[in-house]
Amino acid sequence: CTDLINLDGGGSSALWIRPEGVISHPYDNHRYDNAGERTVPNAIIVSYARQRHTVRYRGAEREYYISLPENAGPDTPLVFCLHGYGGKAGKYRPEMELECLRRGYAICYPQGLKAPIGKTGWYVRYPKQEGMKDNDVDFMLYLAKALPREFGLSRENVFFSGMSGLCEHEDRFLDRYLVLLDRAGKDFAD
């Protein structure tokens, strides 16, 4: 954080986030709860550009978040940022989003599916993923073709990045896309 604003902090200041609502403890009702908010006709709103989308892919509803720069067009690069095992696309690496948008790039955060034990991730044949059948490499390649068409972005400048076991399949990406995956996790033989 480089800039701060000092708000009153009493009943006229409340912190509201979606979906929880008021999460601070405005004190106009003299109780330590979030019901003491004073009605004030103004607000400061901070919002990420990240928009949630869903797509049906091979019978499953899949989710991704995308942020577009203000002047997105056919020359705008698209960066995929893949979360690691147990990660959540909606909250993953906001600094990447800010940097991409500052540079005029679009950024997409796909969401991995839940493994049988409940953690989200990309199917890469980890032992704890037994029972998963989705081919996440094919899903990424699908998004890499579909999103530039849908959002009018560059089809040539598509990049992949993140902390993901999908890097074990980078050979499937390399013939078409530049892959910048950080290596994480374990290797498992076929």
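**Entry 1: ground rules and overall fold**

I take helices as DSSP runs of H or I with at least four residues and strands as runs of E with at least two, both numbered from the N terminus. Read that way, the protein chain follows the order β-β-β-β-β-α-β-β-β-α-β-α-β, which comes to three helices and 10 strands. I note that this is a predicted model, in which local features need pLDDT of at least 70 and side-chain atom pairs count only at pLDDT 80 or more, while totals for chains, interfaces and linings use all residues. Residues are numbered from 1 along each chain as its sequence is written, and side-chain values use heavy atoms, with hydrogens and water left out.

I looked up burial next, where buried means under 20% relative accessible area, exposed means over 50%, and partly exposed lies in between (1.4 Å probe, protein chains only). Buried residues account for 41% of the 190 residues in the protein chain. The accessible surface, from the Shrake-Rupley method with a 1.4 Å probe and, for residues, only the protein chains shown counting as cover, is about 12,100 Å², and 50% of this surface belongs to carbon and sulfur atoms. For contacts I use heavy atoms within 4.5 Å; among those between residues at least 6 apart in sequence, 56% join residues at least 24 apart.

**Entry 2: helix α2**

For its 16 residues the span should be 22 Å, and the end C-alpha atoms are 22 Å apart, so the two agree. I find this helix mostly covered, with 12 of its 16 residues buried, among them Asp-136, Phe-139, Met-140, Leu-143, Leu-147 and Phe-151. Just after α2, Gly-152 takes a positive phi of about 65 degrees.

**Entry 3: the nonpolar cores**

Which residues touch the most other members of the largest nonpolar core? A core here is a set of buried Ala, Val, Leu, Ile, Met, Phe, Trp, Tyr and Cys residues joined through side-chain atoms within 4.5 Å. In the largest one, of 19 residues, I find Tyr-64, Ile-66, Leu-78, Phe-80, Cys-108, Leu-147 and Phe-160 in that position. At least two residues of this core come from each of β3, β4, β5 (78-82), β6, α2 and β9 (158-163), and α2 gives the most, with six. A second, separate core has eight residues, including Tyr-65, Cys-100, Ile-107 and Tyr-109. As background, nonpolar side chains in soluble globular proteins tend to be buried together.

**Entry 4: salt bridges**

I counted a salt bridge where a side-chain nitrogen of Lys or Arg lies within 4 Å of a carboxyl oxygen of Asp or Glu, and by this rule there are four. One of them joins Glu-63 to Arg-52, with the closest N and O atoms 2.5 Å apart; the pair links distant parts of the chain, Glu-63 being in strand β4 (residues 60-67) and Arg-52 in strand β3 (residues 51-57), 11 residues apart. Glu-63 has a relative accessible area of 19%, so I record this residue as buried.

In helix α1 (residues 94-103), Glu-99 and Arg-102 are three residues apart and therefore separated by about one helical turn, and their closest N and O atoms are 2.6 Å apart in a salt bridge. Glu-99 also meets Arg-103 in a salt bridge (2.6 Å, N to O), these two lying four residues apart in the helix, about one turn. I therefore record Glu-99, Arg-102 and Arg-103 as a network of linked salt bridges. Glu-99 is partly exposed at 29% relative accessible area, whereas Arg-102 is exposed at 60%.

Is Gln-111 buried or exposed? Gln-111 lies in the loop between β6 (106-110) and β7 (113-114), and at 10% relative accessible area it counts as buried. Neighbours within four places in sequence aside, I find it in contact with residues including Arg-62, Glu-63, Tyr-64, His-83, Thr-120 and Trp-122. A polar atom of the Gln-111 side chain lies 2.6 Å from the backbone nitrogen of Ala-89.

Arg-56, in strand β3, counts as exposed at 56% relative accessibility, and its side chain reaches the backbone oxygen of Gly-59 at 2.8 Å.

Definitions and conventions. Expected span 1.5 Å × (residues − 1). Polar contact = N/O pair within 3.5 Å; in protein donor to acceptor, adjacent residues only side chain to side chain.
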